[in-house]
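Hello,

Here is the structure you will be working with. My notes follow below it.

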Amino acid sequence: MKMIKLCTMREDFQQKPRNIELSITDRKNKKMKFYRFVFLLINIVTVGVIIYVGISKGNVGNINIIFELMKSNKIWLLLALLCAFGVVLFDGLGYTMLLKSKTGKVARFGIKTAIVGRYGDAITPLGTGGQPFQMYYLKMKGVKLNYACAMPLVKYIVRVITGDVVMVTLLLICWVNTEKFMLILAIIGLALNTVIPLLMLMFAYRRNLAEKVIESVVKFLYKIKIIKKSQNLKDKWLEPVESLAMAMRELSSNFKQVISLVVFAIFENICYLILPYLVSRFVGQSPNVFEIVGLTIIIHNAASFMPTPGASGVTDLAFYTVFSSVLSGDTVLLALLVWRMISFYLYVILGFLILIFTKKSENIELLNDKFSEDIT
């Protein structure tokens, strides 16, 4: 009888840790579900507001005219839609290539990753949410966290630096006379866009810089008594930062891979810059293609550092101000409405749907994985 009681007590003792582990896991799962619900709710509200504000700018008459133009000028609309797809296609091919280099398989979610990035840019101030949203999406698809963070950053660095070179070159070829203040804003935006990826490169290739920044932050927090043990926190922060930097260095060390990313970025920028010209043709105008490309470059850079979500509102005002000199009458507002629908709201809707219907996948096995453990 005593033996039976002892065995029962032993089983209960062994079972308690398992129950505790299951309880902790359940609480974590409930928290994750709650956070995802809040995330989803915030996105629904944000997308709804953006689309409502955007549609309210164009009156019903303009929308009716667009439907009429779809019958007579549908070829130009089709070309514009193909260019909009080309933007995310060439962006997505970069992710597909990076994922293949780490998995040995062709990933089917490269283009979706690109669309999620456009969505993130559209709903966050200064258009800074693209890369964090892509990191979240890649992690959801089973990509290891250090690579899920490194891939969007490497792509961002290559895309922005290549885009700046392409835009400056084309602007010199397609020089246009425009408002002086717009040109000044464009120069400021171009400079800021160039500085950020250069700082990221310094962070990836100069370990001492990252260490000094983290050390300074930790010392400051310790000095104002927010933390108690500065060395422990420094080591805790430095480990994932170094792991991310190593992943970035690894992804950018393949010369052929970087050249491919540059080529993809060139075609991505061409598709983006030619889009307003195709929209102008759709609304019945025949402007000079070089002039439209030059004006588009100015608008893009002038609005790039504005604090509204996706530079919304500022981009619209810049488009109207700049294109009034080359498009006649009411066609400016019409072209603005069509351009924003194709190059902005379309990505917002598609990106939102992708995030809603994305389920967490199992971890993807990586080739030549230099990191034995994932960052948590």
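The largest pocket has a volume of about 1100 Å³. A pocket here is an open set of points on a 1 Å grid over the protein atoms alone, where a 1.4 Å probe fits, with protein on both sides within 12 Å along at least five of seven lines; lining residues have an atom within 4 Å of a point. The volume is the space filled by probe spheres set on the points, which are joined across faces, edges and corners.

This is a predicted model: local features need pLDDT of at least 70, side-chain atom pairs need 80 or more, and totals for chains, interfaces and linings use all residues. Residues are numbered from 1 along each chain as its sequence is written, and side-chain values use heavy atoms, without hydrogens and water.

The pocket is lined by 36 residues, with D121, G127, R159, H300 and S304 nearest its centre.

The whole structure has three salt bridges, defined as a Lys or Arg side-chain nitrogen within 4 Å of a carboxyl oxygen of Asp or Glu:

- K155 and D91, 2.7 Å from N to O; K155 is in α6 and D91 in α3, 64 residues apart.
- E250 and K102, 2.6 Å between the closest N and O atoms; E250 is in α9 and K102 in α3, 148 residues apart.
- R118 and E268, 2.4 Å from N to O; R118 lies in α4 and E268 in α10, so the pair ties together parts 150 residues apart in sequence.

Regards

Notes: Helices (H or I, at least four residues) and strands (E, at least two) are DSSP runs, numbered from the N terminus.
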